[in-house]
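Here are my notes on the two-chain model you asked me to look over.

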Amino acid sequence: MEFGIFTVGDVTTDPTTGITPSENERIKATVAIAKKAEEVGLDVFATGEHHNPPFAAPANPPVLLANIAAQTERIVLSTSTTLITTNDPVRIAQDYAYLQHLSDGRMDLMMGRGNTGPVYPWFGKDIREGLNLAVENYALLRRLWTEENVTWEGKFRTPLQGFTSTPRPLDGIPPFVWHGSIRSPEIAEQAAFYGDGFFHNNIFWPLSHTKQMVNLYRRRYQHHGHGKHDQAIVGLGGQVFMRKNSQDAVREFRPYFDNAPVYGHGPSLEEFTRETPLTVGSPQQIIDRYATMADHVGDYQRQLFLMDHAGLPLKTVLEQLEILGGEVVPELRKIADARRPAHVPATAPRHAERLVALDGTPVEV
Amino acid sequence: MTRRIVAVTAGLSEPSSTRLLTDRLTEAVDRHVTAHGEAATVEVIELRPLAKLIADQMLTRFPSGELTAVVEKVISADALIAVTPVFTGSYSGLFKSFFDNLDVNALEGKPVLVAATAGSARHSLMIDHAMRPLFSYLHASVVPTGVLAATDDFGTPGLDRRIDRAAAELVSAVLGSVAGAAAGRSGFLPAEGEEREAGFTDRFDEVTDFAELLRRASS
């Protein structure tokens, strides 16, 4: 199983000090966080894509991910999410294939529609066509990666005549794709149809909801003939804050929780931790809570944690990653490996494994 | 078949004239159901004790605590009685917030009786200018008579007549629809071994096949 972190790149004032990082500080901190994630043994770093303040997430994630790829050796780079609606699928095909070469296949990506309304008109799109954009654009993206010579005509983009997307995917193998959605069954269906991964970002949602979306995806994955339902590739979000003593964790995290974007000034920390995957406490409490996720959604392949939001200073985030990578993830990995049946994949397909499967050529990992 | 009717009332004071109006409406509805030789349960839900949970749901987007069961009762009721005080020319913010939190199809086809209390009869058109559009947006089926009770109406026989007439309309809408609200939602069957998530109308049992999604995308 893969464990990692995902960021939304929010530039948020630290409610305990009143200090707001500059965009430059936030961007550099993101790189430091990704490097630390690798250092503490995490498997994945994923970044969101944003086009509006207060976010300093990249408008085009490969810009950030290529920089991190150059400074890391092992960690898988991904997105959370890449906007399949408002980006030109041709640019997605080209930019991510380029990243695939630079990172030697150490990347995948997650498609999302984006929930910031004005982004659509800013890029000349109509949010009411969001689902159709996701369907048409992704169908084109796949062709651009798998076919050398594409002649295409659709509804949302200018036609292509004899177009070759460059660079070609590394070793002729397109990047692995996840589809992220919180409430749209159509996106779970899309992921299942193509045999792609499905990621439910459940950090603001009760597990009862997550379970329904994942079950739908699993049923349809089997229906579309990609394997058994329990072999479908599932990822979940998560959110934790840890200290040796759980009381210290609660005391330190509470002001960040109370003022956080999205849920701040609403439910109490205690209510929100009861209803959603947010867990604040000792490392053992985190282990106990996240070890039970598979009881609800089945054995799954990727767990990403949101660690660097709500104004938490870089120093704290790096400490949190030390605890996550040092104490929590090794235990969760052990538990996941012990309970997973042999026929269920441990991770989403990685480039090296897919290359072996393709032509039998062993590669150095 | 016993019909399940739910009244949502948004009065804030204790005792509340909005609750008083609600009780008279539920009593009249019960009487009309009985007159048809049918049975109904009528449950009154006060929003006041749920105020914090309603505000939480506005921020988190999902109901929590006892609000989940309340939303579920409203979604699955055969008919709804919705009563609010008039605040600043309209329904109260608490009343609106409760309905803002519902999924857009949560009240589809459901018979609804709308009623309000006000300081004076000058607010009478609030029911038609504010409450009806709200429930029209949610695709509810609002009965023709709305009941506005101004303070001095509580001493006049005219209020009784309007209550009676609105209750009769609601009951005939409920008894007239063969299977109640469920009829409009045929096909809303939970998948095997799975139930709809409490408080939401999302259905994950059925999905449009991707071939159809692809066809639609570019047509």
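**Notes on the predicted model**

1. Let me start in chain B. Strand β5(B) pairs with strand β7 (residues 147-150) of chain B in the parallel sense, over 4 bridges. Within that pairing, A118(B) sits opposite A150(B). Bear in mind throughout that this is a predicted model.

2. β5(B) has other partners too. Strand β3 (residues 79-87) of chain B runs parallel to β5(B) and is joined to it by 6 bridges, with P85(B) and T117(B) as bridge partners. Strand β6 (residues 141-142) of chain B also pairs with β5(B) in the parallel sense, over 2 bridges; there the bridge partner of P111(B) is S141(B).

3. How many residues of strand β5 (residues 111-118) of chain B are buried? The count is 8 of 8. In a regular strand, side chains alternate between the two faces of the sheet. Here both faces are covered: P111(B), L113(B), A115(B) and T117(B) are buried on one side, and V112(B), V114(B), A116(B) and A118(B) are buried on the other.

4. Now chain A, which has 13 helices and 13 strands. A compact globule of 365 residues would have a radius of gyration near 21 Å, and chain A agrees because its value is 20 Å. The C-alpha trace spans about 60 × 45 × 35 Å along its principal axes. Of the 365 residues in chain A, 49% count as buried. Among contacts with a separation of 6 or more, 73% join residues 24 or more positions apart.

5. The UniProt record, again an unreviewed entry, has "domain: Luciferase-like" covering residues 1-295 of chain A. The ends of that span are 15 Å apart, going by their C-alpha atoms, and the span is 41% helix and 15% strand.

6. The sheet in chain A deserves a look in the viewer. It is an open sheet of 9 strands in the order β3-β2-β1-β13-β10-β9-β8-β5-β4 (chain A), with parallel pairing. The edges are β3 (76-79) and β4 (82-83) of chain A, each pairing on one side only. Helix α1 (residues 23-39) of chain A packs on the sheet and touches β1 (2-7) and β2 (44-47) of chain A; the helix direction makes about 175° with that of β1(A).

7. β4(A) pairs with β5(A) in the parallel sense over 2 bridges, and L83(A) has G112(A) as its bridge partner. In strand β5 (residues 109-112) of chain A, L109(A) and M111(A) point one way, M110(A) and G112(A) point the other way, and all are buried. β9(A) pairs with strand β10 (residues 234-236) of chain A, also in the parallel sense, over 3 bridges; F199(A) is partnered there with G235(A).

8. What about N201(A), buried or exposed? N201(A) lies in the loop between β9 (197-200) and α7 (207-223) of chain A. N201(A) counts as buried because 21 other C-beta atoms lie within 10 Å, and the cut-off is 20 or more. Leaving aside neighbours within four places in sequence, N201(A) is in contact with G180(A), I182(A) and G237(A).

9. The largest nonpolar core has 96 residues, and F45(A), F198(A) and Y217(A) have the most contacts inside it. Helix α5 (residues 130-146) of chain A gives the most to this core, with 8 residues. Apart from this core lies another of 58 residues, including L25(B), L67(B), A79(B) and L175(B). As for Y217(A), its contacts beyond four places in sequence are A188(A), A191(A), A192(A), F198(A) and A232(A).

10. Last, where the chains meet. The contact takes 27 residues from chain A and 19 residues from chain B. On the chain A side, the elements giving two or more residues are α5, α6 (185-194), α7 and α9 (269-275) of chain A. The largest share of that side comes from α7(A), with 7 residues.

Key: Residues numbered from 1 in each chain as written. Chains lettered and ligands numbered in written order. Predicted model: local features only at pLDDT ≥ 70, side-chain atom pairs only at ≥ 80, totals over all residues. Rg over C-alpha atoms; globule rule 2.2 N^0.38 Å. Buried ≥ 20, exposed ≤ 12 C-beta atoms within 10 Å, placed from the backbone. Contact = placed C-beta atoms within 7 Å. Pairing = 2+ DSSP bridges. Axes fitted to C-alpha atoms, helices over the stretch in contact; angles between N-to-C directions. Core = buried A, V, L, I, M, F, W, Y, C linked by C-beta atoms within 7 Å. UniProt positions renumbered as here; feature names shortened; annotations may be inferred.
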